[in-house]
Amino acid sequence: MKKALLYLLAFILVQFVCTYGVLIPWVMAGGQTLPQALNTLAYGVVPYTAPMLLVSSAVTSIVLIALFLGCRWCEVSRHYLRTRPWGVLFWASLIAIGAAIPSQWLIEKLQFEDTNAMLFSMMMSSPWGYVVLCLLAPLAEEMVFRGAILRSLLGSYKPWLAILISAVFFSLVHANLAQMPHAFVIGLLMGWMYWRTGSILPGVALHWVNNTIAYVTYRLMPGMEDMTLGQLFGSEGRALMSVAFSFCILLPAIYQLHIRMRRE
């Protein structure tokens with residue numbers, strides 16, 4: 001547990017240092033002095049822009065990847081890729097597709113406010129948002145939460161408990177009630193995949209598709225993020241039908257993934 005907490009603390013510190021390491025100079029470049037910039041950040045009145053957020057997030061992900069690779073906190077090997085696990089990667093990606101609508105339905109029923117919606121909308125409005133949110137972030141987070149934290153927990157706890165703890169950590173660091181339920185469930189699935197395969201690649205695939213769905217939906221259907229499923233599909237009945245249909249994708253995908261991971 002000590003190592004897992006160390007990795008979690010490192011993740012949080014890198015997030016903090018990189019975020020403010022970008023925001024402070026950015027605000028100062030706008031004409032403020034250092035004390036003024038610190039005061040602006042302290043009172044939460046930062047004039048956020050898409051480039052500012054993208055640079056901050058990109059730097060954070062790159063530093064995390066470099067740190068966890070450089071310190072060997074996350075082991076990287078080509079062995080799993082050499083087994084050609086294309087079936088596992090396919091079904092892992094399909095799980096993300098099947099989970100998208102049920103996750104949104106759950107968020108609506110819990111009625112949690114998405115406190116980061118505006119910031120993510122700004123980032124997704126840029127083509128560079130795909131690189132940062134869908135490529136860099138999934139890789140960095142899988143290296144930290146599965147490749148380092150879960151790997152260390154599996155050495156001390158039973159698999160189900162280690163996966164549960166890592167999923168809790170993963171949901172908590174999102175610091176957003178609207179994202180936490182989805183992050184927890186997806187964290188369980190990605191933890192299970194890491195335990196079965198010993199590789200972060202299936203989790204990266206699921207994570208990538210999950211974030212890509214949000215990005216593509218935002219780009220192709222602006223304003224959809226403010227709509228409920230009932231509004232999107234025309235009625236609550238149709239919304240429930242879409243949830244049921246999604247489970248027809250999600251559950252078989254989980255079963256097929258279970259079979260494939262056993263074979264491969």
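## Pocket and core

In this predicted model, the lining of the second largest pocket draws at least two residues from each of helix 3 (50-70), helix 4 (79-82), helix 7 (128-154) and helix 9 (180-197). The volume of this pocket is about 360 Å³. Its lining counts 18 residues, and those closest to the centre are E75, V76, S77, S199 and I200.

| Class in the lining of the second largest pocket | Residues |
|---|---|
| Nonpolar | ten residues |
| Polar | five residues |

The largest nonpolar core contains 47 residues, and F68, F145, I149, M193 and L257 have the most contacts inside it. Several helices each give at least two residues to this core, including helix 1 (2-29), helix 5 (86-110), helix 10 (201-220) and helix 12 (236-263). Helix 7 provides the largest share, eight residues. Another core, of eleven residues, lies apart from it, with M124, L133, C134 and Y215 among its members.

Beyond four places in sequence, F145 touches L8, F11, L150, S166, F169, F170 and V173. Is F169 buried or exposed? With a relative accessible area of 13%, F169 counts as buried because this value is under the 20% cut-off. Setting aside neighbours within four places in sequence, F169 is in contact with M1, L5, L8, F145 and I149. F169 and A4 are 165 residues apart in sequence, yet their C-alpha atoms are 9.7 Å apart in space.

How values were computed
Residues are numbered from 1 along each chain as its sequence is written. This is a predicted model: local features need pLDDT of at least 70, side-chain atom pairs count only at pLDDT 80 or more; totals for chains, interfaces and linings use all residues. Side-chain values use heavy atoms; hydrogens and water are left out. On a 1 Å grid over the protein atoms alone, a cavity is a set of points where a 1.4 Å probe fits but cannot get out, and a pocket is an open set with protein on both sides within 12 Å along at least five of seven lines; lining residues have an atom within 4 Å of a point. Grid points are joined across faces, edges and corners, and a volume is the space filled by probe spheres set on the points. Helices (H or I, at least four residues) and strands (E, at least two) are DSSP runs, numbered from the N terminus. Ala, Val, Leu, Ile, Met, Phe, Trp, Tyr, Cys and Pro count as nonpolar, Asp, Glu, Lys and Arg as charged, and the others, Gly among them, as polar. A nonpolar core is a set of buried Ala, Val, Leu, Ile, Met, Phe, Trp, Tyr and Cys residues joined through side-chain atoms within 4.5 Å. Buried means under 20% relative accessible area, exposed over 50%, partly exposed in between (1.4 Å probe, protein chains only). Contact means heavy atoms within 4.5 Å.
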